[in-house]
Amino acid sequence: MVTPTARREAAAWAYESHAVSLRRGCGLFGIRASSYYYRSHGRKDGELLDAIRQVAIQRRRWGSPRITDRLRRMGWRDNHKRIERIYREAGLQVRRRRRKRTARGEREPLIQPTGANQVWAMDFMSDQLADRRRIRLLNIIDVYSRECLRIEVDRSLPGLRVIRALEELRETRGLPERIMTDNGPEFTCQAMDRWAHARDVKLQFIEPGRPMQNGYIESFNGKLRDECLDQNWFLDLAEAREITEDYRRDYNEERPHSALGNQTPNEFARRAAGDTPLGGCRDGDSLSGIPRVVSDTNSSGLSFEVFQ
């Protein structure tokens, strides 16, 4: 019997059942008379509940902290504890998908860049269309700002497609000093090695079986899987590209990131732009020695890509 409500009910029971005065009953159960007569006049939760539900429907994998941050941006100033209470009472909690725990070896420290375009990270994911055909996704992020720079989607993504995606990013953003990857054949092929040497980009490969040495891209992969791939049913390749591109823009422009002080990656990048300006191609860069992807058509009319 620790809550004021329980003490109030006990004092009322003593008053009604044993002819004890209210003052004595309150004294017996450790409650002041003013607390006994108090009646709550709290605010109604209807409008705030509607706002919470609206955000929860739009962002089905967001929990209470991110919903609170979104409500702050929408102009709500209610205490985060009140928001979480209403959130829980409405039964909107997100069921966490827990992985089976396995034994871990010694952890390697992650690289901590001090500016944009110092370190990128990239990795592959896979999914399937409605007709069960498999598709692959190439994700590229900036480790410093957590910006998702590219999500390349296709049935097959060999090393030459990786080079083409990086070259397109080079035209608009420049290239990093190093790129962290796993040991997949698309990243360790000769074409990728020649491209990195010609562009003066260091390819940093993690140890086999140690994906958390590239933990930044693994974290992004988990969010993409949880908030986009598991929430959508792709009818064809074009729809998969459209939906993942919409998610990439939303991730950069709307989704707050806890590691960035609840800023979006674009907000964080803009604030850091004075110290870490982003550029286009590096001075003196040329196309000599760079692997190129050239489209061609065979006698049957089928288009394909060749390496030069």
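At what angle do helix 5 and helix 6 pack, and how far apart are their axes? In this predicted model, helix 5 (residues 64-74) and helix 6 (residues 80-89) pack at an angle of about 120°, and their axes lie 10 Å apart. The points below continue with that pair, then follow helix 5 to another partner, and then move on to other parts of the chain.

**Helix 5 with helix 6**

- Angles of 65 to 115 degrees count as roughly perpendicular, and at about 120° the two helices, helix 5 and helix 6, are therefore oblique to each other.
- The crossing of helix 5 and helix 6 has a right-handed sense.
- On the side of helix 5 the contact involves S64, I67, T68, L71 and R72, which meet H80, I83, E84 and Y87 in helix 6.
- Sorted by class, the residues in the contact of helix 5 with helix 6 are four nonpolar, three polar and two charged.

**Helix 4 with helix 5**

- Helix 4 (residues 46-58) packs with helix 5 at an angle of about 115°, with the axes of the two helices 10 Å apart, and their crossing is right-handed.
- Helix 4 contributes L48, A51, I52, V55 and A56 to this contact, while helix 5 contributes I67, R70, L71 and M74.
- In the contact of helix 4 with helix 5, eight residues are nonpolar and one is charged, with no polar residue.
- I67 and L71 of helix 5 take part in the contact with helix 4 and also meet helix 6.

**Helix 7 with helix 9**

- The axes of helix 7 (residues 159-173) and helix 9 (residues 190-199) come within 9 Å and cross at roughly 25°, which makes helix 7 roughly parallel to helix 9.
- The crossing of helix 7 and helix 9 is right-handed.
- From helix 7, the residues L160, V162, I163, L166, E167 and R170 meet A191, M192, W195 and R199 in helix 9.
- The contact of helix 7 with helix 9 comprises seven nonpolar and three charged residues, and no polar ones.

**The second largest pocket**

- The second largest pocket has a volume of about 290 Å³, and of the 14 residues that line this pocket, Q58, R59, E227, C228 and Y247 are the closest to its centre.
- Helix 11 (residues 237-253) gives the most to the lining of the second largest pocket, supplying four residues.
- By class, the lining of the second largest pocket holds seven charged, four nonpolar and three polar residues.

Notes: Residues are numbered from 1 along each chain as its sequence is written. This is a predicted model: local features need pLDDT of at least 70, side-chain atom pairs count only at pLDDT 80 or more; totals for chains, interfaces and linings use all residues. Side-chain values use heavy atoms; hydrogens and water are left out. On a 1 Å grid over the protein atoms alone, a cavity is a set of points where a 1.4 Å probe fits but cannot get out, and a pocket is an open set with protein on both sides within 12 Å along at least five of seven lines; lining residues have an atom within 4 Å of a point. Grid points are joined across faces, edges and corners, and a volume is the space filled by probe spheres set on the points. Ala, Val, Leu, Ile, Met, Phe, Trp, Tyr, Cys and Pro count as nonpolar, Asp, Glu, Lys and Arg as charged, and the others, Gly among them, as polar. Axes are lines fitted to C-alpha atoms, for helices over the stretch in contact, and angles run from 0 to 180 degrees between N-to-C directions. Angles under 35 degrees count as roughly parallel, over 145 as roughly antiparallel, 65 to 115 as roughly perpendicular and the rest as oblique. A crossing is left-handed if the near helix is turned anticlockwise from the far one by less than a right angle, and right-handed if clockwise. Contact means heavy atoms within 4.5 Å.
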